[in-house]
Amino acid sequence: MGLRVVFMGTPEFAVPSLRRVAAMTPRFETVLVVTGSDKPRRSKNSPSEPTPVKQAALELGLPVLESDDVRSHDFAARVAAARPDVIVVAAFRILPPEVFELPPLGAFNLHGSLLPAYRGAAPVNWSIIEGDLETGVTTFFLRKSVDTGNIITMDRTPIAPDENASELLVRLSEIGAGTVERTLAMIADGAVTPEKQDERLATKAPKLTRENTRIDWNQPAQRLHDFIRGLSLKPTAWTTFGGKNLKIYKAKLSAIETAPDGPGTLRIVDGRLLVAGSDGWLELLSVQAEGKKAMDGESFARGLRAGDETLRFL
């Protein structure tokens, strides 16, 4: 029998890693998959929706433990009963020491940044928002202080100029699966040389909220472009127009040389919808007005009433 692995994760980001770990038999045996509880669907008559990790685990024929309370004594006991040699975590909850100290070979996490940069809940989003040209994934041993454990290994990748957070998240999930595989092999071979994180280089990636996803048009056009793609497709950058909310999914820098009329000012040029930043223009490519379906910028522009183009996003 191989080393016993307990895998913990919930969203789609964790699925490629789970599949890779499950394929590492006979050297490793995935004895338990831990994930969040099923979520109710919008329709009352529909069954609850399992997490992406649970769906994958069931397809792979792996045992599943659902839990939303990782600090309970019962949870620790059930994980201990699986007798893990190592715990692999990818996009799950913050584990208490009573759980991550269980396996003799340790518990490690896959994080979507090059630590110590972007510690926190939304590293992929913030790396794009900040205009980074490179990012990656890191595996590190868990400790009580979140995202501060000793680094095992990492993989780097460039960020494309127009890549959004959803696209990057998919790429990082696939890259991360290879990182997790290599990390497990290093642990099994006794080849890990943990590296302390340099606290001087640490930055934060706080949870995304309604307040910090609102667009401030008093920013350079490039900064606005990065902000919009860093929040696309979820939770989405937003602004207000005519007293109602407007989500902006996609934009691009505009080459028109006309001086902006003031940040947030709209202009329609050859049917294209433009909005001013502090130093230039963005063309809006995909938007969604409150109570309506998403549409391209030209369709939104056609729906404006005479004089609307003189209004501003606020």
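Predicted model: local features only at pLDDT ≥ 70, side-chain atom pairs only at ≥ 80, totals over all residues.
Residues are numbered from 1 along each chain as its sequence is written, and side-chain values use heavy atoms, with hydrogens and water left out.

Let's begin with helix H1 (15–22). Helices here are DSSP runs of H or I with at least four residues, strands are runs of E with at least two, and both are numbered from the N terminus. In H1, 6 of the 8 residues are buried, so this helix is largely enclosed by the rest of the structure. Buried means under 20% relative accessible area, exposed means over 50%, and partly exposed lies in between, using a 1.4 Å probe and protein chains only. The buried residues of H1 are Val 15, Pro 16, Ser 17, Leu 18, Val 21 and Ala 22. Their cover includes S1, S2, H2, S5 and H6, where contact means heavy atoms within 4.5 Å.

Helix H2, residues 52–59, has Val 53, Lys 54, Ala 56 and Ala 57 buried. These four span an arc of only 165° around the axis, which puts them on the same side of H2; the arc is that of the directions from the helix axis to the C-beta atoms. An α-helix has 3.6 residues a turn, so residues three or four places apart point the same way. The buried residues of H2 pack against strand S1 (3–9), helix H1, strand S2 (28–35) and strand S3 (64–66). On the face turned away from the buried side sit the exposed residues Leu 58 and Glu 59. Just after H2, Gly 61 adopts a positive phi of about 75°.

Next comes Thr 35, in strand S2. Thr 35 counts as buried because its relative accessibility is 0%. A polar atom of the Thr 35 side chain lies 2.8 Å from the backbone oxygen of Gly 9. Leaving aside neighbours within four places in sequence, Thr 35 is in contact with several residues, including Val 53, Lys 54, Leu 65 and Phe 92.

Now for open space. The largest pocket holds about 1200 Å³. On a 1 Å grid over the protein atoms alone, a pocket is an open set of points where a 1.4 Å probe fits, with protein on both sides within 12 Å along at least five of seven lines; lining residues have an atom within 4 Å of a point. Of the 42 lining residues, the closest to the centre are Pro 11, Phe 13, Ala 91, Phe 92 and Ala 121. Strand S5 (107–111), helix H5 (123–129) and helix H6 (165–189) each give two or more residues to the lining, and H6 provides the largest share, with 6 residues.

Helix H6 also holds Arg 182, which is partly exposed at 31% relative accessible area. Not counting residues up to four places away in sequence, Arg 182 touches Thr 153, Met 154 and Asp 155. Arg 182 and Pro 220 are 38 residues apart in sequence and 41 Å apart in space, C-alpha to C-alpha.

Our last stop is Arg 229, in helix H7 (residues 221–230). Arg 229 is buried, with a relative accessible area of 7%. Beyond residues up to four places away in sequence, Arg 229 touches Ile 128, Asp 162 and Glu 163, among others.

Notes. Points joined across faces, edges and corners; volume = space filled by probe spheres on them. Polar contact = N/O pair within 3.5 Å; in protein donor to acceptor, adjacent residues only side chain to side chain.
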